[in-house]
Amino acid sequence: MLAMSEINCIKLLRNQKSFSINKIAKTLGINWRTAKKYADYDQVPQENVQKKSGMMYEEPWGEIVSDWLAEDEKLKRKSRRTNK
C-alpha cells in the first residue's frame, strides 16, 4: 500500500492536472493498476490508528511515566535515567 502523500499526489495529478493513468504511473514509477486504483477511487483509505492498551496506558500514572521518558530522550545518553 502506498503512503497517504503518494495517494494524494496521484489524485492531484489525475483530477487537477488531467494526467493519464499511464503518465502518472511512469512519473511516479508505480504499476499502472495501482495508479488507476487510487486515481479513480472516490474515497481515500484511512490510516489505521491502533489504540494502545495495557497498564501503562490505562492507569493514571502512565501519562507521567511517558512524559518522563520523552524528557529523557532529549538528554544526552549518559544523563538519561537507567533501570538502577
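The questions and answers below set values against definitions.

The model is predicted, so that local features need pLDDT of at least 70 and side-chain atom pairs count only at pLDDT 80 or more, while totals for chains, interfaces and linings use all residues. Residues are numbered from 1 along each chain as its sequence is written, and side-chain values use heavy atoms, with hydrogens and water left out.

Q: What makes up the secondary structure of the protein, and in what order do the elements run?
A: The protein has five helices and zero strands, where helices (H or I, at least four residues) and strands (E, at least two) are DSSP runs numbered from the N terminus. From the N terminus on, the order is α-α-α-α-α.

Q: Why are H1 and H3 called roughly perpendicular to each other?
A: The axes of helix H1 (residues 4-15) and helix H3 (residues 32-40) come within 8 Å and cross at roughly 75°. Axes are lines fitted to C-alpha atoms, for helices over the stretch in contact, and angles run from 0 to 180 degrees between N-to-C directions. Angles under 35 degrees count as roughly parallel, over 145 as roughly antiparallel, 65 to 115 as roughly perpendicular and the rest as oblique. H1 and H3 are therefore roughly perpendicular.

Q: Which residues make the contact of H1 with H3?
A: Ile7, Ile10, Lys11 and Arg14 of H1 meet Ala35, Tyr38, Ala39 and Asp40 of H3, contact meaning heavy atoms within 4.5 Å.

Q: Why is aspartate 72 called buried?
A: Its relative accessibility is 10%. Buried means under 20% relative accessible area, exposed over 50%, and partly exposed in between (1.4 Å probe, protein chains only). Aspartate 72 therefore counts as buried. This residue lies in helix H5 (residues 62-74) and, leaving aside neighbours within four places in sequence, is in contact with Arg80 and Arg81.

Q: Why is tryptophan 68 called partly exposed?
A: Tryptophan 68, also placed in helix H5, has 42% relative accessibility and so counts as partly exposed. From aspartate 42 it is 26 residues apart in sequence and 43 Å apart in space, C-alpha to C-alpha.

Q: How does the radius of gyration of the protein stand against that of a compact globule of 84 residues?
A: The protein has 22 Å, whereas such a globule would have a value near 12 Å. The radius is taken over C-alpha atoms, and the globule rule is 2.2 Å times the number of residues to the power 0.38. The C-alpha atoms fill a box of roughly 60 × 30 × 20 Å, taken along the principal axes.
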